[in-house]
Amino acid sequence: MTKPSLPDLLHAAVSAVGGTERPGQVAMAEAVAEAIDDNSHRLIQAGTGTGKSLGYLVPALAHGERVVVATATLALQRQLVERDLPRTVEALHPQLRRRPQFAMLKGRSNYLCLHRLHEGAPQDEEEGLFDQFEAATPTSKLGKDLLRLRDWADETETGDRDDLTPGVSDKAWGQISVSSRECLGATKCAYGAECFAEAARERAKLADVVVTNHALLAIDAIEGAPVLPQHEVLIVDEAHELVSRVTGVATGELTPGQVNRAVKRAAKLVDEKVADALQTASESFERVMELALPGRLEEVPEDLGYALMALRDAARNVISAIGATRDKSVHDEDAVRKQALAAVESIHTVAERISNGSEYDVVWYERHDRFGATLRVAPLSVSGLLREKLFEDRSVVLTSATLKLGGDFNGVAASMGLSPEGVEGEDVPLWKGLDVGSPFDYPKQGILYVAKHLATPGREGTRGDMMDELAELIEAAGGRTLGLFSSMRGAKAAAEELRGRLDNPILLQGEETLGELIKAFAADPKTCLFGTLSLWQGVDVPGPSCQLVVMDRIPFPRPDDPLMSARQKSVEEHGGNGFMAVAATHAALLMAQGAGRLVRAMDDRGVVAVLDPRLATARYGSFLRATLPDFWFTTDRNQARRSLASIDAAAKADGK
């Protein structure tokens with residue numbers, strides 16, 4: 001039997017999902033197939049509307065070996081598992097003569113734990129050991145959530161938190177879930193045979209395509225113990241997010257509250273002398289943290305160093321003692337021991353890491369008005385880790401709508417440990433970049449307007465001229481505005497000011513769930529939606545409800561951001577341009593994502609307005625603009641207003 005051709009398979013899949021075949025999608029599918037066949041790596045930029053999911057799924061399914069697809073957002077994971085994969089598998093079946101299996105796999109804490117549900121969560125000493133369902137009053141929010149979780153546990157087939165609608169608070173979910181460190185293990189657990197997390201792992205072992213998230217991919221790479229099943233092909237979608245997700249997984253933290261909870265959990269399992277040593281170390285650490293001022297610690301201060309070494313040593317002794325003791329008087333002893341061990345091991349790991357003082361780590365204090373001080377440690381770079389763990393023994397395809405920053409792939413490639421494209425050498429993974437473009441006609445569908453006449457934004461204070469400009473643009477657009485702000489304070493200030501000046505409803509992130517806000521924004525063209533970071537990447541509202549996207553300023557990282565400033569300094573010490581490599585690259589990525597909110601369909605029209613003159617006047621402005629979609633560019637404020645008014649009038653004429 002002749003092997004079915006890739007174009008025929010792609011055509012069948014696109015027809016099945018009711019889509020339209022795009023030249024970019026065909027080019028992408030061919031590049032993915034080539035990478036899989038010759039066991040090489042690809043970075044593929046595929047603009048919105050390309051249909052990139054099918055562009056990689058079809059060649060992956062045709063190949064026949066196991067594929068892992070890692071994504072950043074829940075929305076895309078759902079789309080793949082609930083829509084794209086079922087339809088594609090059915091569409092390809094007549095030609096492939098097989099039905100590839102697929103499964104979703106996440107970290108253990110994403111699944112309901114039956115042991116926790118039925119036996120209760122081990123509590124801290126002063127609270128006693130009680131049934132959390134009895135303790136939470138049925139009328140409280142927590143009580144209602146827990147009762148609903150108990151009912152859901154009898155119905156759910158997956159135990160996956162994301163299948164619970166509506167969702168519950170983190171506090172409620174924490175009562176019925178466990179981390180991998182806290183898990184008793186299927187063989188020791190009375191509910192092991194019914195375990196949702198174990199069932200998900202078993203399904204993944206049998207699947208041809210495993211859909212997971214960036215965090216689990218990072219855990220798989222960092223922790224050494226494989227979480228994902230063996231696979232020949234890795235496809236990373238939304239790959240622009242990968243470095244920050246891996247950094248997040250590789251970041252450790254210590255707080256006095258966290259240490260105190262660990263002390264209480266361990267106290268009932270070890271002898272008094274060992275417990276007292278951890279208690280004393282905890283108190284010393286708390287005293288140091290009371291005086292902590294926010295900012296990076298280039299060197300660990302002497303008092304903190306002593307406190308951390310005492311914590312490390314005391315935690316190590318507790319870990320040894322817990323492993324050697326047995327106390328049948330403790331209810332659900334194994335679970336109590338596991339939770340205590342997990343808490344103390346976490347403290348030992350972070351305290352030892354900071355005490356050892358690696359030049360490749362960044363250490364800093366954060367202070368929160370409500371929660372007090374936190375000590376954090378993060379890798380200066382994850383590029384070496386990614387180069388070593390991601391690109392060995394498998395073909396890797398990285399794809400996103402934004403991988404070319406400033407016009408080429410090398411910036412993103414470097415952040416993942418790759419050399420410039422085409423450079424060969426020992427232990428240097430070879431890769432190729434491909435930009436398959438977008439089906440949208442950006443110069444005709446959108447305008448990039450930079451408000452060159454405004455004052456350069458300062459670090460603090462309100463911007464009266466910016467508020468006036470924003471109000472005039474919204475009035476010209478008839479509402480229909482997504483406002484993307486570099487800080488929550490800026491978004492709140494703009495919402496408060498303009499609610500008093502305009503008749504348009506203005507929604508503000510945080511006043512309702514993001515899903516509800518986006519639904520309300522899409523439903524009423526007069527409405528505006530203001531918010532910060534998650535809106536820059538998470539809003540998909542095609543049509544006339546979003547015809548103006550406003551960015552208040554270039555979203556450079558804060559100058560006092562410890563990790564970003566440390567990375568910038570490191571690049572400079574190695575002879576590079578730290579500002580361009582770190583700050584400008586960070587801003588370019590966010591701006592490209594933000595500008596991508598405007599045109600989501602073939603007939604969308606609108607304006608991206610950047611209320612920061614530096615995009616037009618600063619030397620780095622051309623680098624940032626080269627990252628954005630190729631909109632028609634202007635600094636003429638009257639032109640921007642006329643265009644918005646014209647687009648608004650056309651939408652109203654169509655009854656929208």
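Helix α4, made of residues 74-96, lies across β2, β3 and β4. The direction of α4 makes about 170° with that of β4. The model described here is predicted.

Helix α4 also meets helix α1, which spans residues 6-16. The axes of these two helices come within 8 Å and cross at roughly 140°. The crossing of α1 and α4 is right-handed. On the α1 side, the contact is made by Asp 8, Leu 9, Ala 12, Ala 13 and Ala 16. On the α4 side, the residues include Arg 87, Thr 88, Ala 91 and Leu 92.

## The sheet from β3 to β11

What is the order of the strands in this open sheet? Seven strands follow one another as β3-β4-β2-β5-β10-β1-β11, and their pairing is parallel. The edge strands are β3 and β11, each of which pairs on one side only. From one strand to the next, the twist averages 15°.

One of the residues involved is Ala 103, whose bridge partner in β4 is Val 210. Strands of a sheet pair through backbone hydrogen bonds, either parallel or antiparallel.

## Strand β5 and its two partners

Strand β5 covers residues 233-236. On one side of the pairing, β5 and β2 (residues 67-71) are parallel and share four bridges. Here Ala 70 stands opposite Val 236 of β5. Strand β5 also pairs in the parallel sense with β10 (residues 395-400), again over four bridges. In β10, Ser 395 is the bridge partner of Val 233.

Which residues of β5 point one way, and which the other? Val 233 and Ile 235 point one way, while Leu 234 and Val 236 point the other way. These four residues are all buried. In a regular strand, the side chains alternate between the two faces of the sheet.

Ser 53 belongs to helix α3, which runs over residues 52-63. Is Ser 53 buried or exposed? Its relative accessibility is 7%, so Ser 53 counts as buried. Leaving out residues up to four places away in sequence, Ser 53 touches Leu 76, Gln 79, Leu 80, Asp 84 and Asp 237.

Helix α9 consists of residues 196-206. Its buried residues are Phe 196, Ala 197, Glu 198, Ala 200 and Ala 204. What do the buried residues of α9 pack against? They pack against the strands β3 (102-104) and β4 (209-213) and the helices α5 (114-119) and α7 (141-155).

## The sheet from β14 to β18

Another open sheet has seven strands in the order β14-β15-β13-β16-β17-β12-β18, with parallel pairing. Its edge strands are β14 (506-508) and β18 (632-634), each pairing on one side only. The twist from one strand to the next averages 15°.

Strands β14 and β15 (residues 528-531) run parallel and are joined by three bridges. Within this pairing, Ile 506 has Cys 528 of β15 as its bridge partner. Helix α19, residues 464-477, packs on the sheet and touches β12, β13, β15, β16 and β17. The direction of α19 makes about 170° with that of β16.

## Aromatic rings

The structure holds seven aromatic pairs. One of them joins Phe 556 and Tyr 620, with ring centres 5.3 Å apart and planes at 85°, so the pair is edge-to-face. Phe 556 lies in the loop between β16 and α23, and Tyr 620 in the loop between α25 and α26. The two residues are 64 residues apart, and the pair links distant parts of the chain. Tyr 620 counts as buried because its relative accessibility is 15%, which is under 20%.

Phe 440, Tyr 442 and Phe 631 are linked by ring pairs into a cluster. Arg 625 lies over the face of Phe 633, at 4.9 Å from the ring centre.

## Val 571 in helix α23

Helix α23 spans residues 562-573 and contains Val 571. With a relative accessible area of 25%, Val 571 is partly exposed. Apart from neighbours within four places in sequence, Val 571 is in contact with Gly 576, Asn 577, Gly 578, Ala 581 and Val 582. The C-alpha atoms of Val 571 and Thr 280 are separated by 41 Å, and these residues are 291 residues apart along the chain.

Definitions and conventions
Residues numbered from 1 in each chain as written. Predicted model: local features only at pLDDT ≥ 70, side-chain atom pairs only at ≥ 80, totals over all residues. Heavy atoms only, no water. Buried < 20%, exposed > 50% of the residue type's maximum accessible area, 1.4 Å probe, protein only. Pairing = 2+ DSSP bridges. Contact = heavy atoms within 4.5 Å. Axes fitted to C-alpha atoms, helices over the stretch in contact; angles between N-to-C directions. Phe/Tyr/Trp six-rings, centres within 6.5 Å; stacked < 30°, edge-to-face > 60°. Lys NZ or Arg CZ within 6 Å of the ring centre and 35° of its normal. Left-handed = near helix turned anticlockwise from the far one by under 90°.
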